[in-house]
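Work through the exercises below with the sequence and the coordinates open, and try each task before reading its solution.

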Amino acid sequence: MAQTFSEKVLSRKAGRSVRAGEVVTVAPDYCLSHDNSSAIIAEFKKIGVPKVKAPEKIVIILDHIVPAADEKYAQNHKTIREFVKAQGIPNFFDIQHGVCHQVLSEASFALPGKVIMGSDSHTTTYGAFGAFAAGIGRTEAASIWATDEIWLRVPETLRVEFRGRFAPGVFAKDAILKIIGDHGADRANYEAVEFTGPSANEFNISSRMTLANMAAEMGAKNGYFEVDDRTLAWLKRRARAEFEIFASDPGVAYEAVLEYDLSALEPQIACPHTVDNVKPVREVEGRPFHQALIGTCTNGRLEDLKVAARILKGRKIHPDVRALVLPASREVYLAALRQGLIEILSEAGCVILNPGCGPCLGAHLGLLAAGEVVVSTSNRNFKGRMGNRDSEIYLASPATAAASALEGKITDPRKFL
Amino acid sequence: MSKGRVWKYGDDVNTDVIFAGKYTYQQLEPAEMAKRALEDLDPAFAKNVKPGDVIVAGKNFGCGSSREQAAACLRYAGVQAVVAKSFSRIYFRNAINLGLAVLQSSDAPDALRTGDEVDVDFAAGTITRGDRIFAFFPLPASVIGIVEAGGLIEWTKKKLSAAGG
């Protein structure tokens, strides 16, 4: 029988042939957690086993509130560091590394065919490398630590086919916002999303991560690209373990097929307060705002900083606007530094933040006051997410955020590119 | 039968409005978490919620973050069940793992209003308001064991002791 990617990966893991809808118990290859590890530790202690079952599979990356913003967060980090030492967990990344999804990918745990569970909803990101990756809760992560097992429902698959090429000024972020806007924030609830088609190769690794990351905003369990020459080129330099490549069989049954012509896309923006409230940027052009945020696990990679620098080079951001730049990882930060991008962005008036989650989740580093508006390259614009409940978040590409920062109002970036 | 009052909300109630990110990485006591439930959606909720109350919502309840406090804070606030047209995937898993009843119903969410008095009958799979009875989908067989054990931690303990570990 023809099988989807997810059916194949989970069949291999379960040791029998499984179909969508079945529930399987599997041993994941890796289990990610971040600052929430202290809450997982508390749950783990309730289970009552002294040691984690497979310490080498646990990956802990501190990124959410780094460096610690206050005593409580400091205690949180301290608890995690002590646990990591006591349990002999080898894959621990302290505050200097960056956002967990970027760091885990750069350290190449994200490999084709791996099953990666993460106590973070944007764990879907690793599908960019052909992994089966899904978000779980803290209690589930604690249970994996204790048992090296998790139950998973094998998902149905939604296929998204791309053809055509991006027009100048239009990016991966615009494509995923358009899809979410067209089909709603729950379109892929419980499903796998397969990003494919003749133009899948148009998406470089960074762009694939943006799409797989935001598959979570369609409600997806996992989202992925097929492994191709771009994936293999990335892995050649980095892969830390053996991997196995899986792809859906021809003629397999999809829940549905969505088709997108990339050449027909224009810059998109998700308006407050839901990710599926998406409009072309030109429809909200001219709206004044207060802060731009360029970065996060969605759009904080080198290509994102490059496009922002291209737009901001030799110019100054508007005096009524603040602009925050948040490289996704130290690796990205160093590359941007060596290429002179950080200098360009700083000269333009941007505040360069340390790699991490920054203000995205509303805990520190540039939160909003009542009545303020942010244009952000992150993935969520829920009410109150980035500070006061009476603030507003618009989600867009790094190009749109940078162009808007220059003009002091929401701006279609195509005039600069 | 278990009586409670309805708190009615719309579609896509997300985890940020259920339990704000700024509290997520602090270790808060249950009573403190309950006080912050739905803070950015309905500030009146935490002040007035009573044990046994029921949250009723539209589609995609709990979308967004994987944070478990979004399920835990409602349980600590005394909510006996959330009734919605659908739940986001991670929220559904978290709620089961923490023992918060998440009930999927196609007709109850449209019919029920804030302040309605309802009876929830878990065994019969019904929600009753006056003379109207709404059905909810039973939980998948695969997860009933977790719910019956009182959540994932208890279930895992049992499993490990059964395995001699």
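This is a predicted model: local features need pLDDT of at least 70, side-chain atom pairs count only at pLDDT 80 or more; totals for chains, interfaces and linings use all residues.

Residues are numbered from 1 along each chain as its sequence is written, while chains are lettered from A and ligands numbered from 1 in the order in which they are written.

**Exercise 1.** Find which element of chain B has the lowest mean pLDDT.

Solution. Start with pLDDT, the predictor's confidence in each residue, from 0 to 100. For chain B the mean is 91, and 98% of its residues reach 70 or more. Going through the elements of chain B, helix H8 (residues 141-148) has the lowest mean, 75, whereas strand E2 (residues 54-57) has the highest, 98.

**Exercise 2.** Determine how many residues of chain B are in contact with chain A.

Solution. Taking contact to be C-beta atoms, placed from the backbone, within 7 Å, one finds 33 residues of chain B against 43 residues of chain A. For the complex, the predictor gives an ipTM of 0.81 and a pTM of 0.93.

**Exercise 3.** Describe how helix H2 (residues 37-47) and helix H3 (residues 71-87) of chain A pack.

Solution. Their axes, lines fitted to C-alpha atoms over the stretch in contact, lie 8 Å apart at an angle of about 55°. H2(A) and H3(A) are therefore oblique, the class left after under 35 degrees (roughly parallel), over 145 (roughly antiparallel) and 65 to 115 (roughly perpendicular). Finally, A:Ser37, A:Ser38 and A:Ile41 of H2(A) meet A:Asn76, A:Thr79, A:Ile80 and A:Phe83 of H3(A).

Technical notes. Two residues are in contact if their C-beta atoms, placed from the backbone, lie within 7 Å. Helices (H or I, at least four residues) and strands (E, at least two) are DSSP runs, numbered from the N terminus. Axes are lines fitted to C-alpha atoms, for helices over the stretch in contact, and angles run from 0 to 180 degrees between N-to-C directions.
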